[in-house]
Structures are given as C-alpha cells and as structure tokens.
Amino acid sequence: MGLKKYVAFSLLLIIAVYIFVFSMQTANYTVNILDYAIELPIAVWIILPAAVLFLVTILHILFYGFKNYLQTSAIKKDEENIIEFLKDILLENNSNKKFKQKSLKELADILEQMKLSPKTDNFDSSNSDIKSIVNNIIKINSGEYVSDKSFKFNKNGEIAHKNLLNRVKIDVDYSIDVLKKSKDFTREVVKAAFANVVENKSMTTIKKLLDGLKLDKEMVLELMKKDSENSDFALEHDAIIKYTKEVEFNKEDYLTFAKLYKKSVKPDELIKMFETISNENELAVDAYLVILFEYEMIDKARETLSNYANEEYQPYRAILELKNSGKYYTLENLCYNK
C-alpha cells in the first residue's frame, strides 16, 4: 500500500470511529494527569490512541523514507563517481573521487594500484567517454599518434609518453622542434626525433641542429651513416673525430666507421683522419690498419705495426706475410666482417 492510500484510509477509519462513538455518546470525560485535568469528549478519547499511532506511523515512514532516499542518492553518486574514477585511471591521473559504499571503496583502492588495458582492438561501451578514451589508448599502443584533446592523458604517464614517441616518429617537423628544445624532453624522445630527422632530412638541416645536442654512440653511428652517403654538405672531419671521442667508440665501432666512410671520403683524407684518431686512441688502430691495407699503404702499415709488440695485431702481421709472399688476400673478408 502506498503512503497516500495509507494516510487516506487511516484518516477515514479514525473519522468513522469518531462519528460512530460521538453518535452514541456525546458526554465529556475528564482525565487527571498530575495537577492538570483534561476534559474531552468521550469520542475524542476513543480515537486518541489511534490518532497517536497514526502520527507515529507517519513519522516512522517519513524517517525511513528519507533514510532510504539518502542511501539511494549515495548509491547513485557512487555510480557516477566510479565512471569518473575509471576515466582517471585510464588517463593515468590521480583520482580524488570518494565513495560512500565500503565495497566500492575497496574496489577503488585495488584499481588504483593496477594498470588497466583493453583485451581487444574492438572495445565497445555504452559510456561514450570510456569508449573514446580506451579506443585512443588502443590507437596509441598500435603506434598511431592521437591528437584528440578532449581527454588529456597525464603528461608524465606512460600513454602520453608513447603518444609523444609516436608523434616524433611520424612528424619530422615536430621532431626538429624537439631537437631544438632537447632539454625539455626525455632521452628516448630525443633519440626517436633524431632518428626521424636523420632519415628524412638533408645534412644541411641536420648540421644546424647539432649544436648543443648531446649524442650517444647509437646517434653518432646514425649520423655517420647519413653523412657518409652525402658527399655534399658533409660534416667536417674535426667534428667527426670529436664525436668519436665524446661517445667512446670501441674497436668494432671504429671498424664500422671506417667501412661507412670508405666510399665517400678521399683515401688520403680518410687515412689522415684515422691516423689522427689512432694516435690518440689505441682502439682505433685496427680500423687504421684496415684502411692502410685497403689502399695498399703497405710500408705505412709495416711502420705502424713496428710500434707494437710482435704478439699484438697478429692478423695484420699475417696479412703482411701474405703480401710479401705475393699471395692474394681479401681484406674485406678478413677485417670488415670479423
């Protein structure tokens, strides 16, 4: 029975009892309570307990109705908050959402310590915001750059970092901007931007970006490969030598260096460059000897080897013996591919 029906029928019953009693007895009755005497018609005394019970019942119903309303409102608010909380988790933001229900509090504490990721590339949801965010995450994880600003991922989060990497890998003009402001970006982003610029821009553009840019070994080798393929506007030899010192090339790196520049640098210039490097760094001696043998500078190779003990650089001493014996050898196989 609804509240309205309960009130209506209760009032009708009370009124009916009052009319019935009053029609039979119109006299008054006095009740003494302490020093007070209360005189009311007998019909009123008859319906008074029912009226009190009616009022108490109404108050009871209203109290628990209001309590239920508050509980329902709290549940509805928690339902709204859980969606906002999930959005914050997906965006990798710290959530400030509070929950009234103990079960949702525990669930929020668990989710806040976990990483959520979609199981399928065909994610769907009745909530348009959640659907949009998750689909953006899927695109970013697949290597696509997402420029959607309607939902901002935490700029220090993993997804935002991946999205930035995706951008520098596909947008060479943005990569140039990153290199110009390299101190504002992580090392990984700078390296990705550098690789994109080296692959897609000319040496003229690349040289303008090198000042103030800190290169590691991998970046220097990328730069050398590009430089060795472009005889015009190539790097100065002093600059190349400087980079090899800054990143501490090992023997294999110097051999790779020699192989890259063999076709693009004149023999006498390449010999001079490696002579300078090997005089300062013994790790470059192998590459220097390779170049000397490549250009048939046998006397110079013999002179260089004379500066070291007989047990050192045995492969090259063996090559000298082969040469002196008039036997054929392939230096490319002996040195470049070792």
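Modeller: Helix α11 passes helix α13 in a right-handed crossing (the near helix is turned clockwise from the far one by less than a right angle; helices are DSSP runs of H or I with at least four residues, numbered from the N terminus). The model is predicted, so local features need pLDDT of at least 70 and side-chain atom pairs count only at pLDDT 80 or more, while totals for chains, interfaces and linings use all residues. Residues are numbered from 1 along each chain as its sequence is written, and side-chain values use heavy atoms, with hydrogens and water left out.

The axes of α11 and α13 come within 8 Å and cross at roughly 30° (axes are lines fitted to C-alpha atoms over the stretch in contact, with angles from 0 to 180 degrees between N-to-C directions). That angle makes α11 roughly parallel to α13 (under 35 degrees; over 145 is roughly antiparallel). From α11, K251, Y254, L255 and A258 meet D286, A287, V290 and I291 of α13 (contact means heavy atoms within 4.5 Å). By class, this contact of α11 with α13 has six nonpolar, no polar and two charged residues (Ala, Val, Leu, Ile, Met, Phe, Trp, Tyr, Cys and Pro are nonpolar, Asp, Glu, Lys and Arg charged, the others polar).

Helix α11 (residues 251-261) also packs with helix α9 (residues 217-228), at an angle of about 15° and with the axes 9 Å apart. That makes α9 roughly parallel to α11, and the crossing of the two is right-handed. On the α9 side the contact involves K217, L221, M224, K225, D227 and S228, which meet D253, T256, F257, L260 and Y261 in α11. The residues of this contact of α9 with α11 divide into five nonpolar, two polar and four charged.

The contact joins L270, I271, F274, E275 and S278 of α12 to V285, A287, Y288, I291 and L292 of α13. Eight nonpolar residues, one polar and one charged make up the contact of α12 with α13.

Two of the residues named above, F257 and F274, return in the nonpolar core. In the largest nonpolar core, of 59 residues, F194, L215, L223, F257 and F274 touch the most other members (a core is a set of buried Ala, Val, Leu, Ile, Met, Phe, Trp, Tyr and Cys residues joined through side-chain atoms within 4.5 Å; buried means under 20% relative accessible area, exposed over 50%, with a 1.4 Å probe and protein chains only). Helix α13 gives the most to this core, with eight residues. Leaving out residues up to four places away in sequence, F194 touches L179, L210, L213, L215, M219, E222 and L223.

E248 is found in the loop between α10 (237-247) and α11. Its phi is near 60°, a positive value in a residue other than glycine. At 63% relative accessibility, E248 counts as exposed.

Definitions and conventions. Angles under 35 degrees count as roughly parallel, over 145 as roughly antiparallel, 65 to 115 as roughly perpendicular and the rest as oblique.
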